[in-house]
Amino acid sequence: MSLLQKVLDHNKKFVRPGAFPPLPKDPKKQLAIFTCMDTRLVDFLEPAMGIKRGDAKVIKNAGNTLVDPNGGVIRSLVAAVFLLGVEEIFVIGHKDCGMASVDVEMLKRKMVERGVDPAAIEDLDPDLGQWVGAFSCPEENVERVTSIIRKSPLIPKDVPVHGLIFCPNDGHLEVIVSGY
């Protein structure tokens with residue numbers, strides 16, 4: 001059985017008419033979280049913050065990195081602030097992040113082995129390491145990303161931008177940047 005079929009079979013069992021009341025699109029707690037896509041954070045980060053379904057807008061990518069200061073992350077935050085009532089932004093990195101130890105040459109080899117044209121990799125701007133968002137220190141990455149968001153001319157100055165580090169082992173949060 002394919003993975004797609006397994007997901008669809010599970011979904012049929014999951015869906016129960018009336019079991020999930022509709023929620024408003026605006027986040028109840030007026031906050032947006034920009035964090036990593038690491039699977040260890042799923043069903044762990046939000047409960048550790050007291051966040052439930054419908055409370056926050058959550059944006060994820062590999063390493064909670066921000067490569068393009070006018071790209072998708074900023075676009076999503078602009079929509080969250082101006083269209084959905086978000087009043088504060090939380091940038092949350094985590095300890096033991098895989099993006100802090102990316103071997104760019106190994107990544108390039110794997111991409112080429114799977115059929116990606118080497119010229120497409122060479123044409124990336126910035127280079128592959130920067131484009132994928134590789135960094136060496138999660139705390140420094142959170143500081144950098146928080147600063148980029150804070151300095152964006154598209155994010156109002158009255159919106160606090162906080163930077164935190166999450167521990168995927170025990171769930172504690174550490175403030176790196178207070179946006180107040």
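A residue is called buried when its relative accessible area is under 20%, exposed when it is over 50%, and partly exposed in between (1.4 Å probe, protein chains only). Pro 22 is exposed because its relative accessible area is 79%. Pro 22 lies in the loop between helix 1 (3-14) and strand 1 (31-36); helices (H or I, at least four residues) and strands (E, at least two) are DSSP runs, numbered from the N terminus.

This is a predicted model, in which local features need pLDDT of at least 70, side-chain atom pairs count only at pLDDT 80 or more, and totals for chains, interfaces and linings use all residues. Residues are numbered from 1 along each chain as its sequence is written, and side-chain values use heavy atoms, with hydrogens and water left out.

The structure holds 6 salt bridges, a salt bridge being a side-chain nitrogen of Lys or Arg within 4 Å of a carboxyl oxygen of Asp or Glu. In one of them, the closest N and O atoms of Asp 38 and Arg 40 are 2.8 Å apart. Asp 38 is buried, at 14% relative accessibility, whereas Arg 40 is partly exposed, at 29%. Salt bridges link Asp 38, Arg 40 and Asp 96 in a network.

Lys 95 forms a salt bridge with Glu 174, at 3.7 Å from N to O. This pair links distant parts of the chain, 79 residues apart: Lys 95 is in the loop between strand 3 and helix 4, and Glu 174 is in strand 5.

Strand 5 (residues 173-177) runs antiparallel to strand 4 (residues 161-166), and 4 bridges join them; two strands pair if DSSP finds at least two bridges between them. Within this pairing, Val 175 of strand 5 stands opposite Leu 164.
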